[in-house]
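Here's a quick briefing to read with the model open beside you. Have a look at the fold, then go through the points below.

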Amino acid sequence: MKRLRIFAVAFCLPVLLFSQNITITHGPYLQKVGEEEVTVIWTTDKDAVSWVELAPAGNDSFYSQERPRYYDTVYGNKVVGKLHRVTITGLTPGTEYRYRIFSKEVLGYEGHRILYGNIAASDVYSRRPYAFRTLDSRKEKVSFRVVNDIHGNTDHLRALLSDVKRENTDLVIFNGDMVSTVNEEEGIFRGFMDTAIALFASEVPMYYVRGNHETRGRASSSVYDYFPTPTGEFYYAFREGPVFFLVLDSGEDKPDSDIEYSELACFDDYRSEESKWLEAMVMTPEFRSAKYRIVLMHMPPVGSTWHGTREVARKFVPLLNDAGIDLMICGHTHEYGFFGKGEKSGINFPVLINDDETCLDAEASDKITVKTKDLTGKILHTHTFYLQK
Ligand SMILES: [Fe+2]
C-alpha cells in the first residue's frame, strides 16, 4: 500500500455524491508467472469491476498512449467482487512489462443495468508504474529465495527478504506454514502477504507451496483463490532458466482421523491423486529435458515417523527416485537439516530442510549453490550441487 496512491476519478455520475471512495486494500501481487502469462491480484473494500493496463518496458510516460486493458472475467462476464484476479496471456518469454491496476466500483443493480461508482487505480503520475519480467527457459542462470514456517511473524519475513529486488532475485518461494491457521481471508494478508507486497511481490514472482497449517481453519478452503496455479491444484510445475521446479503438496502431518482435524481431513486420497499427476509429470519432455530438477515440498520425507511423512515417502519418493532429482527443498521441522544423496535409505536425491528463522539464497547456472542465511543475513551453511552425469 505504501507505493499505492489511490485516487478517484472526478467526472462521476450524480449518484456518486452519496458514495465513499473505493479503496484498494491489498496488493497488487503477481501469481502464476510463466513464460507467456501472468496473473495480477489485488483486493478492494467495495465490489468492483477490475482491469490491468499493460505497457512494454520503456522510459516513456504510461500516459503516452492508450494501453491495452485486460479484465478479470469468468465464463464470458467481467467479475464483480472485492477479490480481483486478472490473467494476461500471450506475453513474450523473458520480457519486461509495466502495468497499472484499476477497479471501478459497482454501486448496485437496477434490473439488468449496473450503477457504477468511482475508480481506484495505482498511481503512475508521481510513481514509477509497477513492472515484472516473464520467465525464460533459455536463460542460463536463475536466482531464487526460499522461506518457510513464518507462522505470521512478519518481522522475520521482513528480515529474511528485505533485500529482494527484481535486479537480484528472479523468484521467491514460500514453502508452507506462512500462517498457523487460516480462519479469515484477511489473515493471509496480515500474516504474510502485506509484508511480501511491500517488499517485492508486486514485481518479483512468488510461488506458493501449501503447508500443513494452511489446510486448517474456516477460510482454508479459500486459500487457492489467492494463490492460483497452472493446474488448478496446489501441486504444479514451472520452469525458469535451467531449473524445472516441481511443487508438491505434502498435506497434513497426522492421520486424517486425528481429532485435531475435526473430521474434515481427506489427505490420504488427495496424496494418491497427486501421485498420479506426479507420475505423468516426470515423464513429460519439459521435465526430462531440463538441466536441473528441484522439488519444493513443505514436509520432508525424512526425519519423522509421523503419518504425513510416511505418506509422502511412500507415494512420492519412489517416483522421484527414478526422475533425476537434483535437490528437494523442505521446511516444517523448524530446524536445519541436510541429507546427501543416498544418505537416507530409499531416497536417491539430496534433501535440504530450511529452518523457520533462515532463508535459502540459491543460484543455479553451471552448478546449484544454496546458502542458508539467518535473520541478520549471516551465512550459516553453503551447499553446492553439480550437474548430474
Ligand atoms: Fe509444517
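S19 is mostly covered, with 5 of its 6 residues buried (buried means 20 or more other C-beta atoms within 10 Å of a residue's own, exposed means 12 or fewer, partly exposed is in between, and C-beta atoms are placed from the backbone). Strands, like helices, are DSSP runs numbered from the N terminus (E, at least two residues, for strands; H or I, at least four, for helices). Keep in mind that this is a predicted model: local features need pLDDT of at least 70, side-chain atom pairs count only at pLDDT 80 or more, and totals for chains, interfaces and linings use all residues. Residue numbers start from 1 along each chain as its sequence is written.

**The sheet around S19**

- S19 sits in an open sheet of 6 strands, ordered S12-S11-S10-S19-S20-S21, with mixed pairing; two strands count as paired if DSSP finds at least two bridges between them.
- Strand S12 (206-208) and strand S21 (379-386) are the edges: each has a single partner strand, so one side of each has no neighbour in the sheet.
- On average, neighbouring strands here are turned by 20° against each other, direction ignored (axes are lines fitted to C-alpha atoms, for helices over the stretch in contact, and angles run from 0 to 180 degrees between N-to-C directions).
- On one side, S19 (residues 359-364) pairs with S10 (residues 142-147) in the antiparallel sense over 5 bridges.
- In that pairing, Ser-143 stands opposite Glu-363, and Arg-145 has Asp-361 as its bridge partner.
- S19 also runs antiparallel to S20 (residues 367-373), joined by 6 bridges, and a hairpin of 2 residues links S19 to S20.
- Cys-359 faces Lys-373 in S20.
- Helix H1 (residues 154-161) lies across S10, S11 (171-174) and S19, running at about 160° to S10.

**The nonpolar core**

- Which residues touch the most other members of the largest nonpolar core? Met-206 and Val-247 do, out of 95 residues (a nonpolar core is a set of buried Ala, Val, Leu, Ile, Met, Phe, Trp, Tyr and Cys residues joined through C-beta atoms within 7 Å).
- Strand S2 (residues 38-56) gives the largest share of this core, 9 residues.
- Domain 1 (14-133) and domain 2 (142-386) both contribute residues, so the core lies between them.
- As background, nonpolar side chains tend to be buried together in soluble globular proteins.
- Skipping neighbours within four places in sequence, Val-247 is in contact with Tyr-207, Val-209, Tyr-235, Tyr-236, Ala-237 and Leu-296 (contact means C-beta atoms, placed from the backbone, within 7 Å).

**Where the domains meet**

- The domain assignment gives domain 1 (14-133) and domain 2 (142-386); such bounds come from an automatic or database assignment.
- The C-alpha centres of domain 1 and domain 2 are 29 Å apart.
- Domain 1 puts 17 residues into the contact and domain 2 puts in 18 residues.
- On the domain 1 side, S1 (24-31), S2, S6 (81-88) and S9 (130-133) each supply at least two residues, with the largest share, 6 residues, coming from S1.
- By class, the domain 1 side has 9 nonpolar, 5 polar and 3 charged residues (Ala, Val, Leu, Ile, Met, Phe, Trp, Tyr, Cys and Pro count as nonpolar, Asp, Glu, Lys and Arg as charged, and the others, Gly among them, as polar).

**Backbone spots to check**

- Gly-27 and Pro-28 are joined by a cis peptide bond, with omega about 10°, and Pro-28 sits in strand S1.
- Asp-149 isn't a glycine, yet its phi is positive at about 55°; its place is the loop between S10 and H1.
- Is Asp-149 buried or exposed? Asp-149 counts as buried because 23 C-beta neighbours lie inside 10 Å.
- Glu-263 also has a positive phi, near 65°, and lies in the loop between S14 (243-248) and helix H4 (267-281).
- Glu-263 is exposed, because it has 9 other C-beta atoms within 10 Å.

Conventions
Contact = placed C-beta atoms within 7 Å.
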